[in-house]
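Hello,

Here is the structure for your files. My notes follow below.

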Amino acid sequence: MLEVKHIRAHQEDYIQALKKRNFEAEAVFESILKLDDKRKATQKQLDEILSESNSLSKEIGMLFKSGETEKANALKEKTAGLKEDSKRLGEEMSQAATELQALLYQVPNIPHPSVPAGKSEEDNEEIFKEGEIPVLSKTALPHWELAKKYDIIDFELGNKITGAGFPVYKGKGARLQRALISYFLDKNIDAGYSEVQVPLLVNEASGYGTGQLPDKEGQMYHVGNDDLYLIPTAEVPITNIYRDDLLNENQLPIQLTGYTPCFRREAGSYGAHVRGLNRLHQFDKVELVNIVKPEESYQILDQMVEHVKSILRDLKLPYRVLRLCGGDLGFTSALTYDFELFSTAQDRWLEISSVSNFETFQANRLKIRFKDNHKNKALVHTLNGSSLALPRVLAGILENYQTEDGIVIPEVLRPYTGFDKIS
RNA sequence: GGAGAAAUGGCAGAGUGGUCGAAUGCGGCAGUCUUGAAAACUGUUGAGGGUCACACCUCCGGGGGUUCGAAUCCCUCUUUCUCCGCCA
């Protein structure tokens with residue numbers, strides 16, 4: 001959520017910047033500023049009335065104490081009108097505030113100057129590419145065939161237990177996945193992150209805080225009885241740890257990592273390109289969250305990108321990094337780098353990580369602020385990224401590491417798996 | 001799930017209808033003293049709105065109500081604690 005004072009100060013720049021993401025802001029900004037003016041004016045009137053009735057009340061109190069009952073009762077009558085006015089103005093003010101809030105929720109984050117203009121993923125900018133694409137034999141199989149051949153992931157069984165998109169990992173498949181999780185977490189901890197285990201169900205306030213609500217409501221599973229949501233990413237519970245907090249400068253940066261399952265309804269996305277592990281309703285992910293001072297956020301973003309690169313290097317998987325264009329950029333993000341790994345057997349790129357700087361957009365919703373050494377208060381910047389989304393990494397490993405006599409386990413994972421081949 | 005108790009500033013903890021945004025202690029910050037530090041002493045120290053700055057307004061778990069006036073009384077929700085039941 002943008003801050004009204006910033007919209008006021010940079011109205012023209014923001015309108016131009018938002019065009020990059022094909023968002024026409026002019027009319028919304030006008031309404032926002034008008035409503036904000038109205039809110040302030042109404043509050044001013046209200047404050048005056050409250051001030052008057054406060055001092056009348058004090059007077060009445062003193063008159064009662066000194067026994068001047070008639071005088072006190074006379075004053076009481078004066079307060080009746082004030083009460084009505086304050087009630088009316090209070091309602092007007094909160095209505096303006098609610099409307100203002102609703103409009104602010106509609107405006108996406110201002111894209112960073114480096115974000116290219118564009119309509120769709122076609123216009124994303126490839127900024128880095130690394131790793132050798134293996135040459136596979138003609139008998140190479142996509143991962144869903146491999147999963148069946150070696151009996152390590154059972155999609156049918158998941159259909160029976162739950163429904164489509166909830167696979168069962170078996171034997172070495174399950175262990176390989178667990179190995180990846182442990183390896184990612186250890187790697188993140190080595191880089192200075194601190195591990196957390198967080199709830200998988202969150203309340204409405206948390207959903208609003210990180211921006212899943214109100215606009216992406218349909219993506220989350222909702223537990224009606226208790227009015228809770230299954231998390232679509234660990235970003236939600238982890239970032240909400242600090243909701244409504246006023247931090248000290250010396251606490252920053254806060255660097256957290258956590259493993260969680262993620263749940264997404266993915267309504268309406270079916271077909272060949274979502275086969276196997278490519279798109280699931282439940283999947284595992286290890287997440288990175290950074291809460292930092294504004295001036296260091298882009299440096300941290302670069303660090304996160306380098307960190308994810310080094311993971312892919314360790315795993316010896318071919319990948320590329322994209323800078324998302326305005327049209328593909330998430331609602332809450334100012335700058336996002338997507339990581340995609342190349343799946344040889346499917347002959348396509350699969351998104352496996354998304355690293356974003358939200359600047360103050362989430363912090364403003366979440367009310368995460370910090371106090372510097374001069375007691376100035378400011379909103380923090382929040383960033384997050386995956387390291388990595390498990391199923392697609394698993395798919396990439398199965399497909400790129402397949403040989404005639406089995407699937408070779410990447411070197412770095414062997415201490416975690418305890419075996420070096422699936423056959 | 002049943003019965004009871006509670007929720008106050010960074011923390012602990014007073015406050016039961018008026019001058020209380022809130023005693024006191026701890027912690028934090030600044031200063032005095034000291035070669036330096038500690039101790040001691042002095043001062044200062046919640047958040048939001050609003051203003052050039054003041055003024056002023058709001059906030060004592062959330063929401064609603066009673067009253068001229070609510071941290072204090074009433075209703076409701078949430079959370080925590082104790083006991084019972086159930087349970088990995």
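A residue is near a molecule or strand if its C-beta atom, placed from the backbone, lies within 6 Å of it. Helices (H or I, at least four residues) and strands (E, at least two) are DSSP runs, numbered from the N terminus.

This is a predicted model: local features need pLDDT of at least 70, side-chain atom pairs count only at pLDDT 80 or more, and totals for chains, interfaces and linings use all residues. Residues are numbered from 1 along each chain as its sequence is written, while chains are lettered from A and ligands numbered from 1 in the order in which they are written.

The RNA surface: 19 residues surround RNA strand B. The closest are Asp-47, Ser-51, Ser-57, Ile-60 and Gly-61. Helix H2 (26-65) and helix H3 (69-106) are the elements that give two or more residues to this surface. H2 supplies the largest share, 14 residues.

The helix pair: H2 and H3 pack at about 160°, with axes 7 Å apart. Axes are lines fitted to C-alpha atoms, for helices over the stretch in contact, and angles run from 0 to 180 degrees between N-to-C directions. H2 and H3 are therefore roughly antiparallel (over 145 degrees).

Chain A overall: the secondary structure comes to twelve helices and 19 strands. The C-alpha trace spans about 100 × 45 × 45 Å along its principal axes. Of the 423 residues of chain A, 37% count as buried (20 or more other C-beta atoms within 10 Å of the residue's own, C-beta atoms being placed from the backbone).

Best wishes

Definitions and conventions: Angles under 35 degrees count as roughly parallel, over 145 as roughly antiparallel, 65 to 115 as roughly perpendicular and the rest as oblique. A residue is buried if 20 or more other C-beta atoms lie within 10 Å of its own, exposed if 12 or fewer, and partly exposed in between; C-beta atoms are placed from the backbone.
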